[in-house]
Amino acid sequence: MDAAETRYAYDAATIAALRTQVTTQAALIRSQADLISQIQTTFDRAAAAAQIGVWECDLPSETLRWSDTVCDLFEFPRGSTPDRAVTLACYPDEARQRLIAARSEAIARRSSFTLDTEIIGRRGTRRWIRITATVECRGDVPVRIFGLKQDITDERLRSERIRYSAEFDYLTGLANRAVFERHLAALPENGTLLLVDLDGFKAINDVYGHAAGDACLKEAAGRLGATCRGTDLVARIGGDEFAVLITNDPNGRLGESLGQRIVDAMRAPFPHGTARLGFGASVGLARAGCSSPAELFDRADKALYAAKLAGRGRIGFAAPDLSRAGIDANCSGS
């Protein structure tokens, strides 16, 4: 074989090897492209299921790019290029100010932030979203801010329901005993505690049944809420017993006046089915003074018991708190 033939054979072998290499690389690229496509599809489906969308904003042009999920959250047409000023209008005033402050700080610090906030979509739907953001820099110059936006409305509602059940009475909607005890512990010396116990509730429960008893409690709670509007706390603390706290009642007249209004408000009968049910209320009133929370509650409870013994439908007044008069002459405020 002469030199030309040798050269030709060598070139042919090289070309064949290169073709094989190109074919192998093409197959690898296709395989990798398929894998990337699968990963992208999986991510898109997972993000859609979790209601998570991707967003980015070029700096300083403020040009926004949103994924379809983010467009859906804000109720913009998919594929649109939203104007930042228009999108900011989707945030209530306070939320908008918090977002602007968090974003400005992140850009200034070349850092990131996470923010849970409420939005109102273009069609008026209210949602809660979680925004995560990271600032990208070239050198030390911020060029892009990007991240995720996730619909957390259901999570927020669950959290609110848990908080509500922990703080409010399920039947009446009033604050529950745990909340009452926290507020009682913080009641200042010029505060007043009123304990309210329904008169005739047991008879309604026994004669008409528990449904009527529940209706009675709801009615009493509604009357208390209306009568005590503006006071610091109205709570159901157990059974047919309620409590009212007044933080600032320096001479006790506000508590006395309110106690009488409560007694008067509870006297009116209310319809339940074909019956008109009647109940009343007795009130025990105690001014805080230097009493501990337990002592104050005990004093009010004894005043309530005295009002019951005296014929019900009236106010019982606890004796002034003199438990520390000899120790602290300033307890009375004189």
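**Note on the predicted model: sheet, helices and cavity**

1. Five strands make up an open sheet, ordered S7-S8-S6-S11-S12, and their pairing is mixed. Strand S7 (233-238) and strand S12 (315-317) sit at the edges. Each has a single partner strand, so one side of each lacks a neighbour in the sheet. On average, neighbouring strands here are turned by 20° against each other, direction ignored.

2. Look next at one pair within the sheet. In general, strands of a sheet pair through backbone hydrogen bonds, either parallel or antiparallel. Which sense applies to S6 and S11? Strand S6 (residues 192-199) and strand S11 (residues 280-287) are antiparallel, paired over eight bridges.

3. Helix H9 (residues 253-265) touches S6, strand S8 (241-246), S11 and S12. The direction of H9 makes about 170° with that of S11. Helix H10 (residues 293-309) also packs on the sheet, and its contacts are with S6, S7, S8, S11 and S12. For H10, the angle to the direction of S11 is about 140°.

4. Now the helix pair H7 and H8. Two packed helices are described by the angle between their axes and the distance between the axes. Helix H7 covers residues 201-208 and helix H8 residues 210-227. Their axes come within 6 Å and cross at roughly 145°. From H7, the residues in contact are Phe201, Ile204, Asn205 and Tyr208. They meet His210, Ala212, Gly213, Cys216 and Leu217 in H8. By class, this contact has six nonpolar and three polar residues, with no charged ones.

5. How many cavities of 30 Å³ or more does a search of the whole structure find? The search finds one. The largest cavity holds about 170 Å³ of space. Its lining has 15 residues; closest to the cavity centre are Trp55, Arg84, Leu99, Arg103 and Lys149.

6. Finally, the make-up of that lining. Strand S1 (52-58), strand S2 (64-66), helix H3 (84-88), helix H4 (93-109) and strand S5 (141-151) each contribute at least two residues to the lining of the largest cavity. H3 gives the largest share, three residues. Which classes of residue form the lining? It divides into 11 nonpolar residues, one polar and three charged.

Definitions and conventions. Residues numbered from 1 in each chain as written. Predicted model: local features only at pLDDT ≥ 70, side-chain atom pairs only at ≥ 80, totals over all residues. Heavy atoms only, no water. Axes fitted to C-alpha atoms, helices over the stretch in contact; angles between N-to-C directions. Helix = DSSP H or I, 4+ residues; strand = E, 2+ residues; numbered from the N terminus. Contact = heavy atoms within 4.5 Å. Nonpolar A, V, L, I, M, F, W, Y, C, P; charged D, E, K, R; others polar. Pairing = 2+ DSSP bridges. 1 Å grid on protein atoms, 1.4 Å probe; cavity = no way out; pocket = protein on both sides within 12 Å on 5 of 7 lines; lining within 4 Å. Points joined across faces, edges and corners; volume = space filled by probe spheres on them.
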